[in-house]
Amino acid sequence: MNAGAANGGARRPPAGGRKAANVRADAQRNRAAILLATVDALRKDPDASVAQIAAEAGVGRMTLYGHFRTRSELIEAALVDRLDHGEAVLQGVDLDGDVRQAFSRLVASSWVLVDQSRALLAAAQEELPRGRIRELHQKAEARVRGLLERGQREGVFRTDLPLSWLLATTHMVMHGAADEIAAGRLTAGDAPCVIDATLQAAFTGPTQG
């Protein structure tokens, strides 16, 4: 009778398998730490180098390069990670009921995510093509688009302006607020009210319906 049978038929995984699993788990932990450290390092220094980001993550440069070949690739991966996190948060926003109130809730939640990652987004705008950044934001934009469409159908949001312009305006005002904060002319705490007031006034002008 073998050892496995003597112990009720339980079989231990081969040592090589356990080692490979541990290596994969370590690699996943390192990757997650690097992505989070990218956001933190860029918040402290918008020009943070790969070496600085690696130090922030507590890994060596070669470990970082084992996951991301270039700074641009790293920044794109960090942006995708933050957008995935944001998507999970925004899925919980109540978009039912009064469309103006729903829009205010969506703006407030979206701004929190933009505020948390504004240094990362600024770095992405320097490192990545504008079209790629817009592509990565498609899911978030689809949620805003759907709400704006509903507002136009219900006669709450103005219809004399194209939906695409309302969407672009939302994007510009949101990221314009991030620029104003960076310049010291607006506080992060005041930003949600300023953004919402600006967009509500623009979208519910005197020519609805």
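Among contacts in the protein between residues at least 6 apart in sequence, what percentage join residues at least 24 apart? With that settled, please turn to the place where helix α5 meets helix α6.

Modeller: This is a predicted model, and within it 65% of the contacts between residues at least 6 apart in sequence join residues at least 24 apart. The protein has eleven helices and zero strands, so that reading from the N terminus the elements run α-α-α-α-α-α-α-α-α-α-α. Of its 209 residues, 35% are buried, while the exposed surface comes to about 11,900 Å², with carbon and sulfur atoms supplying 53% of that area.

Turning to the pair you asked about, helix α5 covers residues 71–90 and helix α6 covers residues 99–116, and their axes come within 10 Å and cross at roughly 155 degrees. Because an angle over 145 degrees counts as roughly antiparallel, α5 and α6 are roughly antiparallel to each other. The crossing in which α5 passes α6 is right-handed. On the α5 side the contact is made by H85, G86, V89 and L90, and on the α6 side by L106, S109, S110 and L113. Sorted by class, this contact of α5 with α6 has four nonpolar residues, four polar residues and no charged ones.

How values were computed:
Residues are numbered from 1 along each chain as its sequence is written. This is a predicted model: local features need pLDDT of at least 70, side-chain atom pairs count only at pLDDT 80 or more; totals for chains, interfaces and linings use all residues. Side-chain values use heavy atoms; hydrogens and water are left out. Axes are lines fitted to C-alpha atoms, for helices over the stretch in contact, and angles run from 0 to 180 degrees between N-to-C directions. Helices (H or I, at least four residues) and strands (E, at least two) are DSSP runs, numbered from the N terminus. Angles under 35 degrees count as roughly parallel, over 145 as roughly antiparallel, 65 to 115 as roughly perpendicular and the rest as oblique. A crossing is left-handed if the near helix is turned anticlockwise from the far one by less than a right angle, and right-handed if clockwise. Contact means heavy atoms within 4.5 Å. Ala, Val, Leu, Ile, Met, Phe, Trp, Tyr, Cys and Pro count as nonpolar, Asp, Glu, Lys and Arg as charged, and the others, Gly among them, as polar. Buried means under 20% relative accessible area, exposed over 50%, partly exposed in between (1.4 Å probe, protein chains only). Accessible areas come from the Shrake-Rupley method with a 1.4 Å probe; for residues, only the protein chains shown count as cover.
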